[in-house]
Amino acid sequence: MKRSIVTGGAGFIGSALVRGLLRSGHCVETIDNFATGKRENLDEISDQVKVHTADIRRYHEIAPILAGADRVFHLAAIPSVPKSILDPVPSHEANVDGTFNVLRAAAQGGVGRVVYAASSSAYGDTEVLPKVETMLPRPKSPYAVQKLLGEYYASVFASCFGLETVSLRFFNVFGPRQDPTSVYSGVLSIFLTCLLERRKPTIYGDGEQSRDFTFVEDVVNLLLKASEAPNVSGKVYNAGNGNRYTLNETWALLQAIEGVDLPAKYAPERPGDVRDSQADVAGAVRDLGHEPQYSFEQGLRLTLEWYRLDQAKRGASIA
Ligand SMILES: NC(=O)c1ccc[n+]([C@@H]2O[C@H](COP(=O)([O-])OP(=O)(O)OC[C@H]3O[C@@H](n4cnc5c(N)ncnc54)[C@H](O)[C@@H]3O)[C@@H](O)[C@H]2O)c1
C-alpha cells in the first residue's frame with residue numbers, strides 16, 4: 001500500500017484529495033497547522049487518516065513525518081492574493097520557506113515523488129489566451145511570486161538533488177468544503193453563499209474579468225495522475241478545465257439555476273487580481289492523461305447542493 005502524505009490536508013482541496021487517495025487504496029497522512037484548514041473537513045474519514053498537527057515553516061517538525069513516504073502532495077499554503085498584499089510576511093514564510101522545507105525534507109528523506117500545488121496566478125496578465133506553460137510568467141502579487149518560486153524550487157530539486165517533482169498550476173478551483181467565510185475566500189464560495197442567503201454579492205471591478213473555474217474532483221484526479229505519470233519529473237502543467245466564464249456570466253448562471261433575481265453590487269477593482277484566466281490543457285492531457293469530467297454547470301450544481309446541506313446542518317446544530 002502506498003504511503004501518501006498531503007500537506008494542507010485539512011484544507012479545501014487537500015481534504016478532497018485525501019478522500020480521492022483513500023478511494024484509490026493509499027495509506028494517507030496529513031500535515032496541517034489549521035491556519036485556514038479545518039478538522040471538520042476530515043471528520044467522517046478521521047479514523048482512516050493519520051493527522052499530524054505540524055507547521056511546514058518548521059523543518060524539524062515535518063522532516064520525520066515526510067521521511068520514506070512514497071508520495072507527497074504539497075498543498076499547504078496561505079492561498080490568497082489580497083492577504084499576500086495586506087500582510088506579505090506570513091504568506092511568504094508559508095508559501096516560500098515552507099515549500100523549501102517540504103522539498104528539502106522530501107529529498108533528504110528519500111520520498112518517491114512530490115506533487116506541488118502551483119498557481120495560474122504566476123502568469124499574470126498575458127496578451128494571449130489560453131495561457132500556455134511556455135509563456136513567460138508575469139506575477140502581479142506577492143502570492144503569485146511565492147507560488148512561482150515554489151515551482152522553480154520543485155524543478156531545481158529534480159535537476160540538482162534527484163527528487164522527482166511535478167508542479168500543477170491550479171486555475172480557480174471550486175467545490176464542496178471551500179471556506180466562504182472570509183473576505184479572502186474564492187469568489188465562487190462567496191457567490192454560492194450569497195445565493196443561498198438571498199444576498200447580493202459584491203463584484204470587484206466591472207465583472208467582465210474571466211476565470212477558468214475547475215471542479216475540485218477534476219483537480220483531485222489530475223493530482224493522482226501526476227503522482228504516477230512517467231517521464232514528467234521537474235515539469236510544470238496547467239491544471240485547468242480549459243474554459244472561461246466572466247464573473248457576470250457566472251452570477252447570472254447561478255441566479256438562473258436558483259430562479260432568483262439579485263443584481264450584484266460593484267466595487268473598485270482589487271490590486272493584484274488578474275484580468276482573464278484560461279488554461280491550455282494540452283500538455284496535461286498529453287503527458288498526464290488529464291480528462292476533466294465536470295462541466296462548469298455540473299460542478300456548480302453539485303457544489304450548490306453541498307452548501308445547501310451544510311447550511312441546513314449548521315442551522316440544525318444551532319437550533
Ligand atoms: N483554491 C484555488 O483555486 C487554488 C488555485 C491555485 C492554487 N491553489 C493552491 O492549492 C493549495 C490548496 O489551496 P486551498 O484552496 O485548498 O486552500 P486552503 O486554505 O483550504 O488549504 C491550505 C491548507 O494549508 C494549511 N496551511 C497553511 N499554512 C500552513 C503551515 N504553515 N503549515 C501547515 N499547514 C499550513 C491550511 O491550514 C489549510 O488547511 C494551495 O497551495 C494553493 O496555493 C489553490
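Mentor: A nonpolar core is a set of buried (under 20% relative accessible area, with a 1.4 Å probe and protein chains only) Ala, Val, Leu, Ile, Met, Phe, Trp, Tyr and Cys residues joined through side-chain atoms within 4.5 Å. The model above is predicted, so local features need pLDDT of at least 70 and side-chain atom pairs count only at pLDDT 80 or more, while totals for chains, interfaces and linings use all residues. Residues are numbered from 1 along each chain as its sequence is written, and side-chain values use heavy atoms, with hydrogens and water left out.

Trainee: How many residues does the largest nonpolar core have?

Mentor: Ile13, Leu17, Leu168, Phe170, Leu223 and Leu288 are the members with the most contacts inside this core. At least two of its residues come from each of α1 (12–23), β5 (113–119), β6 (165–170), α7 (216–226), β11 (235–239) and α9 (282–288), where helices (H or I, at least four residues) and strands (E, at least two) are DSSP runs numbered from the N terminus. The number of residues in the largest core is 35.

Trainee: With which residues is Ile13 in contact, leaving aside its neighbours within four places in sequence?

Mentor: Contact here means heavy atoms within 4.5 Å. Ile13 is among the core residues with the most contacts inside the core, and, once its neighbours within four places in sequence are left aside, Ile13 touches Leu75, Phe170, Val173, Val216, Val219 and Leu223.

Trainee: Is Ser233 buried or exposed, or in between?

Mentor: Ser233 sits in the loop between α7 and β11. Its relative accessible area is 35%, and because buried stops under 20% and exposed begins over 50%, Ser233 counts as partly exposed.

Trainee: Which residue has its backbone nitrogen 3.2 Å from a polar side-chain atom of Ser233?

Mentor: Apart from neighbours within four places in sequence, Ser233 is in contact with Ala158, Leu163, Glu164 and Thr165. Ser167, which is 66 residues away in sequence, has its C-alpha 8.9 Å from that of Ser233. The backbone nitrogen lying 3.2 Å from a polar atom of the Ser233 side chain belongs to Thr165.

Trainee: Why is helix α6 largely enclosed by the rest of the structure?

Mentor: Helix α6 covers residues 187–196, and its buried residues are Leu188, Ser189, Phe191, Leu192, Thr193, Cys194, Leu195 and Leu196. The helix is largely enclosed because, of its ten residues, the number buried is eight.

Trainee: Which residue just after α6 takes a positive phi?

Mentor: The place to look is just after α6, the helix of residues 187–196. A positive phi of about 55 degrees is taken there by Arg198.

Notes: Polar contact = N/O pair within 3.5 Å; in protein donor to acceptor, adjacent residues only side chain to side chain.
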